[in-house]
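Let us read a protein model together, one feature at a time. Keep the picture open as you go.

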Amino acid sequence: MSAATTRSRTPDRLCAEAVDLARAAAEEAAAPGVVGEHAGLVSEGDRVVTHFFECKELGYRGWRWAVTVARASRAKYVTLDEVVLLPGPDALLAPEWVPWSERLRPGDLGPGDLLPTDADDLRLEPGYSGEDEPPPNSALSEEMAELVGTEDIEVTDGRSTPVPVAPARGSIAAVADELGMRRARVLSRYGLHTAADRWEESYGPKTAMAQAAPAACVSCGFLVRIGGSLGQAFGVCTNEFAPADGRMVSLAYGCGGHSEAAVMPKPPRPAPPVIDETMVDPFPLRPAADSGSVPVAQDASAAELGHS
């Protein structure tokens with residue numbers, strides 16, 4: 001068994017009584033007025049004690065000033081060891097640090113911000129052959145390689161970044177530039193799948209809007225088709241009143257703004273009145289004398305009820 005494990009954990013009496021010495025050391029290391037009341041002590045070993053004092057500094061709730069004092073063997077005086085600020089059991093701590101690449105969310109990129117892309121990004125692949133050749137015949141020309149390798153650019157006086165010069169004539173990069181293909185990298189199959197999954201999750205057939213739509217976007221007049229392999233499943237919505245205006249939508253998506261969703265029928269017109277002029281029905285102005293319920297009597301006095 002080592003000597004460290006046999007040490008007594010009972011605080012040394014003289015070190016435990018050195019509260020004033022510990023407070024003076026904490027006040028000297030801290031700003032004025034931020035050292036609070038004595039919050040206990042703990043024995044660190046033989047004749048080594050740490051005193052704790054509350055920290056009243058703003059932003060350090062639950063933190064404590066830890067002052068460690070020690071006494072040599074058979075010595076009568078206590079000396080100062082160290083003063084540090086440590087978090088307590090209920091201290092307010094900063095969240096665990098996360099790299100910027102994991103903190104980045106869609107919409108975080110603003111004007112003037114630069115988002116560097118890793119050289120081995122799975123979403124991209126070389127745009128044309130020659131990636132194994134040295135510059136200027138590589139997938140990146142010498143000038144483009146310098147531009148791509150720059151991850152952080154500080155804009156101090158507002159001047160724009162210099163545009164790289166064209167590669168040497170006859171190189172692969174020059175031919176690609178003439179054909180309009182001067183892109184060092186293009187979307188890989190993985191990049192296409194991730195983009196398609198992201199778009200379909202937002203504007204796909206499984207959304208609540210698409211489930212209640214009268215028809216799919218594939219038959220909508222406001223849909224603009226796109227080229228490439230993604231054009232087989234996606235397009236751009238151009239209906240300003242639709243929830244996906246200007247967004248990439250799945251051809252199976254749909255909403256109430258479909259161009260053929262509500263074609264209003266014409267209101268029915270009432271039939272014109274028909275007047276029959278071939279027959280005339282006479283209507284007497286006064287009722288006939290024999291139209292009552294009692295027979296007409298010649299003598300009114302002979303009538304049973306005295307009237308007709």
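Q: Where do I start with the inside of a protein?
A: Remember first that this model is predicted. In soluble globular proteins, nonpolar side chains tend to be buried together. Here the largest nonpolar core has 17 residues.

Q: Which residues in the largest nonpolar core touch the most other members?
A: They are Val35, Phe53, Trp65, Val67 and Val69. Two or more core residues come from each of helix H2 (19-29), strand S2 (48-55) and strand S3 (63-70). S3 gives the most, with 4 residues.

Q: What is Val67 in contact with, leaving aside its neighbours within four places in sequence?
A: Its partners include Ala22, Ala25 and Ala26. Val49, Phe53 and Leu80 are also among them. Apart from this core lies another, of 11 residues, including Cys217 and Cys237.

Q: How many disulfides are there?
A: The count is 0. A disulfide needs two cysteine sulfur atoms within 2.5 Å. The cysteine sulfur closest to that of Cys237 is in Cys255, 5.9 Å away, so the gap is too far for a bond.

Q: Is Cys255 buried or exposed?
A: Cys255 has 8% relative accessibility, so it counts as buried. Cys237 is at 13%, so Cys237 counts as buried too.

Q: Which residues form a nonpolar patch on the surface?
A: Trp100, Leu104, Leu109 and Leu115 do. Together they have about 380 Å² of accessible area. Trp100 sits in helix H3 (residues 100-103). Trp100 counts as partly exposed because its relative accessibility is 43%.

Definitions and conventions. Residues numbered from 1 in each chain as written. Predicted model: local features only at pLDDT ≥ 70, side-chain atom pairs only at ≥ 80, totals over all residues. Heavy atoms only, no water. Patch = residues over 30% accessible without salt bridge, like charges linked within 9 Å, V, L, I, M, F, W, Y side chains within 5 Å. Areas by Shrake-Rupley, 256 points an atom, 1.4 Å probe, with all protein chains shown as cover. Salt bridge = Lys/Arg side-chain N within 4 Å of Asp/Glu carboxyl O. Buried < 20%, exposed > 50% of the residue type's maximum accessible area, 1.4 Å probe, protein only. Core = buried A, V, L, I, M, F, W, Y, C linked by side-chain atoms within 4.5 Å. Contact = heavy atoms within 4.5 Å.
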